[in-house]
Amino acid sequence: MTLTATVLPGQNTEIKWTALNEDGNETYELERSIDGVRFQKVYSVSSRSISNETAYNFRDNVSTVSSSVIYYRIKIVLASGEKIYSST
């Protein structure tokens with residue numbers, strides 16, 4: 001999985017990620033943190049369950065975030081209930 005975040009004009013950040021194989025993946029949850037430790041969910045999307053590369057994106061309005069540094073990660077929820085986290 002690749003994960004990128006790009007700062008946009010107007011206090012928005014565009015987060016893009018690519019899943020290489022979605023077999024068994026049920027949901028992707030985008031989480032945000034200002035300290036890299038405590039994360040909160042800001043977006044959730046169902047897996048498209050495609051066995052090849054699939055791209056996702058979300059535009060996060062960060063106007064209410066009180067930090068100049070923001071961390072993002074993806075929580076992958078598998079059909080079995082297991083959770084896997086991307087690196088930040």
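Alanine 19 sits opposite threonine 54 of strand 5. This is a predicted model, by the way.

On to the aromatics. How many aromatic pairs does a search of the whole structure find? Five. Take tryptophan 17 with tyrosine 43: edge-to-face, 6.5 Å centre to centre, 70 degrees between the planes. Tryptophan 17 is in strand 2 and tyrosine 43 in strand 4, 26 residues apart.

Buried or exposed, tryptophan 17? Buried, at 0% relative accessible area. Tyrosine 43 is partly exposed, at 25%.

Next, tryptophan 17 with tyrosine 56. Their ring centres are 5.5 Å apart and the planes are at 10 degrees, so this pair is stacked. Tyrosine 56 lies in strand 5 and tryptophan 17 in strand 2, so the pair ties together parts 39 residues apart in sequence. Tyrosine 56 is buried too, like tryptophan 17. Arginine 48 lies over the face of tyrosine 56, 4.4 Å from the ring centre.

Put together, Trp17, Tyr28, Tyr43, Tyr56 and Phe58 make one aromatic cluster.

Last, valine 45, in strand 4, residues 40-46. Beyond its neighbours within four places in sequence, valine 45 contacts Trp17, Thr27, Tyr28 and Tyr56. Its C-alpha is 5.4 Å from that of tyrosine 28, 17 residues apart along the chain.

How values were computed
Residues are numbered from 1 along each chain as its sequence is written. This is a predicted model: local features need pLDDT of at least 70, side-chain atom pairs count only at pLDDT 80 or more; totals for chains, interfaces and linings use all residues. Side-chain values use heavy atoms; hydrogens and water are left out. Two strands pair if DSSP finds at least two bridges between them. Helices (H or I, at least four residues) and strands (E, at least two) are DSSP runs, numbered from the N terminus. Contact means heavy atoms within 4.5 Å. Rings of Phe, Tyr and Trp (its six-membered ring) pair if their centres lie within 6.5 Å; planes under 30 degrees apart count as stacked, over 60 as edge-to-face and the rest as tilted. Buried means under 20% relative accessible area, exposed over 50%, partly exposed in between (1.4 Å probe, protein chains only). A charge sits over a ring if NZ of Lys or CZ of Arg is within 6 Å of the ring centre and within 35 degrees of the ring normal.
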